[in-house]
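Welcome! Please take a moment to look over the sequence and the 3D view below, and then we will walk through them together.

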Amino acid sequence: MEPEIIFADSPIAYPDAVAFMEQRVAAIFAGEARECLWFLEHPPLYTGGTSANPADLVQPDRFPVYDTKRGGEYTYHGPGQRVVYIMLDLRKRGRDVKCFVRQAENWIIKTLDDFNIQSHITPGRVGVWVPRPDKGPDMEDKIAAIGMRIRRWVSFHGISINVEPDLSHFGGIVPCGIADQGVTSMVDLGYPVAMAELDKALLDNFEACFPHEAKSGDG
């Protein structure tokens with residue numbers, strides 16, 4: 001059975017999103033609900049993951065700040081950024097957390113490639129990056145973030161892709177603890193993509209990136 005696809009038609013407050021995910025994950029584990037992909041935007045806010053360094057919260061009074069039990073450090077969410085919360089039953093998808101994270105990374109990379117945006121994973125840096133030789137040798141900008149949590153082999157939290165957010169809002173934090181690189185968006189790179197176009201590409205690439213019954217060690 002395919003995951004239920006939900007699109008939020010207005011920005012979702014972060015506590016409301018967490019409450020929904022908590023309930024849905026419990027229902028998926030109990031066999032009472034389908035897997036779910038939730039496409040949404042948040043109002044401007046910062047979240048801190050389990051590895052967040054308080055020193056990286058540069059402007060704590062700028063936007064609401066939420067501590068969260070997902071992996072990762074500080075990140076920003078806001079209008080113009082596509083957030084997809086991924087609630088999948090990994091008991092049916094290989095029970096391999098590292099493989100699951102790779103699948104999420106590949107999902108973003110394949111989707112961006114549909115828009116001729118070449119992106120990659122950089123060892124030691126969480127998320128998806130694009131090269132920026134115009135900014136200097138070895139410079140790159142982050143275009144997407146990944147922060148997952150697994151409970152009893154059901155995933156929640158997920159990914160965020162910068163479509164056209166206000167990039168100045170990232171200035172209130174050190175995004176993901178990386179101070180020597182930048183942040184970009186699809187529009188900032190010169191690709192005026194509508195949110196609906198990105199959503200379609202994500203859905204088109206989903207099945208290939210998240211196969212059922214994935215074997216341990218598969219990419």
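In which loop is W153 found? W153 sits in the loop between strand 9 (140–151) and strand 10 (154–162). Helices (H or I, at least four residues) and strands (E, at least two) are DSSP runs, numbered from the N terminus.

Before going further, a word on the model. This is a predicted model, in which local features need pLDDT of at least 70 and side-chain atom pairs count only at pLDDT 80 or more, while totals for chains, interfaces and linings use all residues. Residues are numbered from 1 along each chain as its sequence is written, and side-chain values use heavy atoms, with hydrogens and water left out.

## The whole protein

The protein has 3 helices and 11 strands. Starting at the N terminus, their order is β-α-β-β-β-β-β-α-β-β-β-β-β-α. Along the principal axes, the C-alpha atoms fill a box of roughly 50 × 35 × 35 Å. The radius of gyration is taken over C-alpha atoms, and the globule rule is 2.2 Å times the number of residues to the power 0.38. For 219 residues, that rule puts a compact globule near 17 Å, and the protein agrees because its own value is 17 Å.

How much of the protein is buried? Of its 219 residues, 50% count as buried. Buried means under 20% relative accessible area, exposed means over 50%, and partly exposed lies in between (1.4 Å probe, protein chains only). The accessible surface of the protein comes to about 10,000 Å², and 52% of that belongs to carbon and sulfur atoms. Such areas come from the Shrake-Rupley method with a 1.4 Å probe, and for residues only the protein chains shown count as cover.

Contact means heavy atoms within 4.5 Å. Among the contacts with a separation of 6 or more, 68% are between residues 24 or more positions apart.

The protein also carries 22 positive and 31 negative side chains, and the centres of the two sets lie 7 Å apart. Here Lys and Arg count as positive and Asp and Glu as negative, while His and the chain ends are not counted. Each charge is placed at NZ of Lys, CZ of Arg, CG of Asp or CD of Glu.

W153 counts as partly exposed because its relative accessible area is 29%. N116 is another residue other than glycine with a positive phi, near 65°. N116 lies in the loop between helix 2 (97–113) and strand 7 (120–122). With a relative accessible area of 57%, N116 is exposed.

## Along helix 1

Helix 1 (residues 14–29) holds R24, and D16 and I28 are found in helix 1 too. Is D16 buried or exposed? D16 has 51% relative accessibility, so it counts as exposed. R24 is buried at 12%, and I28 is buried at 3%.

A polar atom of the R24 side chain lies 3.1 Å from the backbone oxygen of R34. Leaving out residues up to four places away in sequence, R24 touches several others, including E4, I6 and M87.

## Q81 and its partners

Q81 belongs to strand 6 (residues 81–87) and is buried at 1% relative accessibility. Which side chains make polar contacts with that of Q81? They include the side chain of H77, at 2.7 Å, and the side chain of N162, at 3.0 Å. A polar contact is a pair of N or O atoms within 3.5 Å; within protein, one must be able to donate a hydrogen and the other to accept it, and residues adjacent in sequence count only if both atoms are side-chain atoms. Beyond four places in sequence, Q81 also touches residues such as L40, F170 and M195.

## F206 and some distances

F206 is found in helix 3 (residues 195–209) and counts as buried at 5% relative accessibility. Apart from neighbours within four places, F206 is in contact with P3, L37, L88, R93 and W107.

| Pair | Apart in sequence | C-alpha to C-alpha |
|---|---|---|
| F206 and A104 | 102 residues | 9.2 Å |
| D16 and E4 | 12 residues | 19 Å |
| I28 and F206 | 178 residues | 19 Å |
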